[in-house]
Amino acid sequence: MATSDPGAGDRDERLCHPGDTAASRPAGESLVPPVNSHNEWDPLEEIVVGRLDGATIPSRHPVVACNIPPWAARAQGLAAGLRYPRVLVERARHELDEFIALLRSLGVTVRRPDAVDHRQRFGTPDWSSRGFCNTCPRDSLLVVGDEIIETPMAWPCRYFETHSYRALLKDYFRRGARWTAAPRPQLTDDLFDADFRVPGPGEPMRYVLTEFEPVFDAADFVRAGRDLFVTRSNVTNGMGIDWLRRHLGPGYRVHEIHSRCRTPMHIDTTFLPLAPGKVLVNPEYVDVDRLPEVLRSWEVLVAPEPEPIADPLLRVASMCGRWLNMNVLMIDEKRVIAERHHTGMLRALEGWGFEPIPCDLLHYAPFGGSFHCATLDIRRRGTLESYVD
């Protein structure tokens, strides 16, 4: 894929001594660990923020359509492969720029992926597709300690999405980080249930994915030191969960969170650890009595109802459910960036002892999420610990 980079300077911003560069140091030598993130709340030092450049409406595919209402799937299919409307991109870019400025004002190093033309067609011997966007690094990359893992995503339009992060990945690797890529999936028809339909109330849960091969999005996992929590979803199957569990080995435990969402995709609007012993849960999707036993000593914070979205364009174009008020980003154990529109969540966070920092990112929803989705924390100041019983 051809790339251009109007923000190349963002990629080169890092914490180092004056005059020190990656090129001037021996391979693997680093003044600070380039990648070090064990949980969702240690003091944030460096983060990757996504880009809107070249964003393209996803190509038609059952794995894309299964998570949105039928009328929206039909509209998406008609527009597949086209650029997102400029009005959506410009609104989202303005808010994204303000969010980045806020992060930098808090002392956080911000880095960006390359800008990519996502309309270019690509394929394998079995299928072809156009791209999507690189707005959500949280989906395609998983950071566990000093390791970055490229995930085997189930959407064909996201098959090469991590290529836009390769300059960053190579830099982190040269400075000592571990860099792993999960097995690249075939994404043939055998992976997808041809008879899938969204289960109705009271019906057994169904997923569009079979167990043909391991697939998962990193955004279906959240971290609490030696314990990771995951939701099985329409982009993460049991084989994907097993692959990560075996890859991480006996030093980590991976716990599954049962979701009552009938179209599950990504855990960070369902279950999100905010601090040691505190987890935010979605009352619509999570049965608190069915949380893993290891959380029995944790304080469970039940998310308040999100404020309604008045803008009809946002209601139509959003790729996300209504619980984006949960999609917050922890700066440390106290400070948390949250959506300014969702005043109920801001008040709740304050009542729970946090220090909410209001910010606007409402118009990012058509591109895949909010603050947590739009970022990938690369370095947090902390060590690997166990926080559960």
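Ground rules first: residues are numbered from 1 along each chain as its sequence is written, and side-chain values use heavy atoms, without hydrogens or water. Since the model is predicted, local features need pLDDT of at least 70 and side-chain atom pairs pLDDT 80 or more, while totals for chains, interfaces and linings use all residues.

I looked up the open sheet with strand order 13-14-15 and found mixed pairing. Strands here are DSSP E runs of at least two residues, numbered from the N terminus, and two of them pair if DSSP finds at least two bridges between them. Strand 13 (271-275) and strand 15 (299-302) are the edges; each has a single partner strand, so one side of each lacks a neighbour in the sheet. I then checked strand 13 against strand 14 (residues 278-281): they run antiparallel, joined by four bridges. Pro273 sits opposite Val279 in strand 14.

**Rings.** I counted 14 aromatic pairs (Phe, Tyr or Trp rings, the six-membered one for Trp, with centres within 6.5 Å; planes under 30 degrees apart are stacked, over 60 edge-to-face, the rest tilted). Tyr84 and Phe367 are 4.5 Å apart at their centres with planes at 45°, so I logged the pair as tilted. Phe367 is buried at 0% relative accessible area (buried is under 20%, exposed over 50%, partly exposed in between, with a 1.4 Å probe and protein chains only). Tyr84 is buried too, at 10%.

**Charge over a ring.** Arg184 lies over the face of Tyr159, 4.8 Å from the ring centre (the rule: NZ of Lys or CZ of Arg within 6 Å of the centre and within 35 degrees of the ring normal).
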